[in-house]
Amino acid sequence: MSNESTTSSQTISSVLNEQRLFPPPRKFTEAARIKAADLAALQRRADADPVGYWADLARAEIAWRKLFTQTLDDSAAPNYRWFADGELNVSWNCLDVHLAEHGHRTAIIFEGEPGDVRELSYRQLHAEVCRFANALKARGVRRGDRVVIYMPLVPEAVVAMQACARIGAIHSVVFGGFSALSLKDRIEDAGARCVITADGGRRGGNIVELKTATDKALAEGCPSVETVFVLRRTGEAVAMQAGRDVWWHDAIVDQPAACEPEWVDAEHPLFLLYTSGSTGRPKGIQHASAGYLLNAKLTNRWVFDLHHDDVFWCTADVGWITGHSYVAYGPLAAGATIVMYEGAPTYPDGARFWRMCEQHGVTIFYTAPTAIRALMKLGEELPARHDLSKLRLLGSVGEPINPEAWMWYHRVIGKERCPIVDTWWQTETGAILISPIPGVTATKPGSCTRPLPGIFADIVDDEGRSVTTPGAGGYLVIRKPWPSMLRTIWGDNERYLKTYWEKFHNRFYVAGDSAHRDADGYFWIMGRIDDVLNVAGHRLGTMEIESALVAHPRIAEAAVVGRQHEIKGESVFAFVVCRGARPAGDTRDFERELREWVAEQLGAIAKPDDIRFADNLPKTRSGKIMRRLLRAIARGEPITQDVSTLENPAIIEQLRGQS
Ligand code: WT7
């Protein structure tokens, strides 16, 4: 299967040669929440009785309205249900539980891109959430209704998510970088009753016109939408449609700062989050309330070692799962203080992150390898100008971190004092599954180390047999259900079964990654096994980009593959066939047009970096595009596959851009 891996052979071998080992600093271990003996005890309990283990944790960590009696319901496996007869409210568990003793504690430190800073205590955040929850109810939003959130990364985005949770509405956050068309698809698939957006957000010195994009999406469909709430953020003029659109500040003006939560079943959907697959439209990953909350809360404490005086900055947008579990829900459930930043990491310069770490006294910093690589390229002088001495723990997520970036993070940002947690997980898993425990696990640059207690991760071959030979690759699978696993794909349970379970006959969850283990049992993620790209830590389906390209009037056919990119990990490489003749001469204007076209259809992150025109695409006799061949060409690697069956062998030169 390694031949299908999207990771280059160089990366794999450099990672295989990685010998360095970094035990946790003694000072860190002494103060850590989880020490070696604690981890061993958790591990023993989880191995001996996995269901009982999760039941104990769920009883201890969640404030239940009605305690569950059944822990795991596997009667409809692999549609597992957890704690199903229990009742709770997630927003209550993130906010109300802290009020009596810690209401004054800072929940959110927010910095806008222009430099505006705002702090909200738990009490203030609770009041804002209640007011907005009441505003949603006043507009007829009820338990089970879907609400799409399309906002900049400002505190109101968290308020909106928590307010939905409070009234039992199911939110679906759409990243503000997605286009109007992507927004429309998601609104329609979810059947959303309401959209929450803003006049705009700020990014890289520009204004992202969210309301304009929302209007465009709604003008082209979305008949289910009755109300659009609009937060004033930039102050730019926007059109407001009478009857449908309402300003956030007007909607909350007379609303009380208290709102009795809607008590919901443990399995009540908390949110949908759309993510790309290898085929078809984005999948609405559906998460349930209690199980999600449990793993989100626990991993914040175990992996990030959260203490009450920590200042935790996870740089992810709430448009991604990381921003759900490590910004909007998990840290709040754990009573932490979080930092939120609206804008670009390099605005107005490449020291923005480090200046903010200093100013806000950040102690735990969690970001993506793509950001680390981009900041690394700017040199060591920028971080050196700032006092980073409060930092005590660093994290990485989204893609394999290359050892060079790991070492830079360790040395230049962490001053060799901060453990690095390389956390493996997915939109579907809800929370971190494989990661070091920072006070216990010795780390190796590029490895996410070992599964957390209660997570039965394994690597198997095509027949589902465990691969135990060190260095031998296989499919990454999870052998037993865990509480924060996805429940289904919204509106398409068939696709859920097919995508995650079919391959090994429902025996284990198939993550879609390839991985291998070393002699110490450490996991090394090699990349995706399907046609999914990982661009700057975000998943993009090749099919989606191909569909966007062929929607252009001049494009007849397209094939998209990934190629290694110094900063983004992978970049989008498109081979396209035009209607009529292949464009000749200087094609730069047309390439620009196609890039803008893709951005318009999907969002700027999907723009191809490379576009190559050809008379046709290489296909097998049965008409399948030879993707492996295209990948080799895109990467400038030697062609090893059999090309004798090609209809037009001369096409190879064209695809290589040499004729
Ligand atoms: C895919 C999930 C989970 C939040 C961010 C992305 C890749 C994620 C790691 C890691 C190597 C990683 C995998 C995974 N990935 N974390 N620490 N090391 N690869 O969420 O968009 O659902 O993507 O990201 O390929 O399957 P996502």
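Predicted model: local features only at pLDDT ≥ 70, side-chain atom pairs only at ≥ 80, totals over all residues.

**Entry: the ligand shell.** Which residues come nearest to the ligand? Of the 17 residues around the ligand, I noted Asp422, Thr423, Thr427, Asp513 and Arg539 as the nearest. I then looked up which elements supply the shell: α12 (321-328), β20 (420-423) and β25 (523-528) give at least two residues each.

**Entry: N and O atoms at the ligand.** I started with aspartate 422, where a polar side-chain atom sits 2.7 Å from a nitrogen atom of the ligand. For glycine 398 I found a backbone N or O atom 3.2 Å from a nitrogen atom of the ligand. Glutamine 426 brings a polar side-chain atom to 2.9 Å from an oxygen atom of the ligand. I also checked the cover: on its own the ligand has 560 Å² of accessible area, and the protein covers 95% of that.

**Entry: the sheet.** Next I traced an open sheet of eight strands, and I wrote down the order β12-β11-β8-β6-β7-β14-β15-β23, with mixed pairing. Its edge strands are β12 (245-247) and β23 (488-489), each of which pairs on one side only.

On one side I followed the pairing with β6 (residues 146-150), which is parallel and runs over four bridges. Arginine 146 has isoleucine 170 as its bridge partner in β7, and valine 147 stands opposite histidine 171.

**Entry: threonine 488.** I went to threonine 488, which lies in strand β23. Its relative accessible area is 12%, so threonine 488 counts as buried. I also found a polar contact of 2.6 Å between the side chains of threonine 488 and asparagine 493.

Entry: As a reminder to myself, most residues other than glycine have a negative phi, and most peptide bonds are trans. I therefore listed the exceptions I came across.

- Alanine 77 and proline 78 are joined by a cis peptide bond with omega about 5 degrees, and I placed proline 78 in the loop between β1 (72-73) and β2 (81-82).
- The bond from tyrosine 347 to proline 348 is cis too, with omega near -5 degrees; proline 348 sits in the loop between β17 (337-341) and α14 (352-360).
- Lysine 415 has a positive phi near 50 degrees and lies in the loop between α17 (403-413) and β20. I noted lysine 415 as partly exposed, at 40% relative accessibility.
- Histidine 505 has a positive phi of about 50 degrees and lies in the loop between α18 (493-500) and β24 (509-517). Its relative accessible area is 65%, so I marked histidine 505 as exposed.

Note on methods: Residues numbered from 1 in each chain as written. Heavy atoms only, no water. Near = heavy atom within 4 Å. Polar contact = N/O pair within 3.5 Å; in protein donor to acceptor, adjacent residues only side chain to side chain. Areas by Shrake-Rupley, 256 points an atom, 1.4 Å probe, with all protein chains shown as cover. Pairing = 2+ DSSP bridges. Buried < 20%, exposed > 50% of the residue type's maximum accessible area, 1.4 Å probe, protein only.
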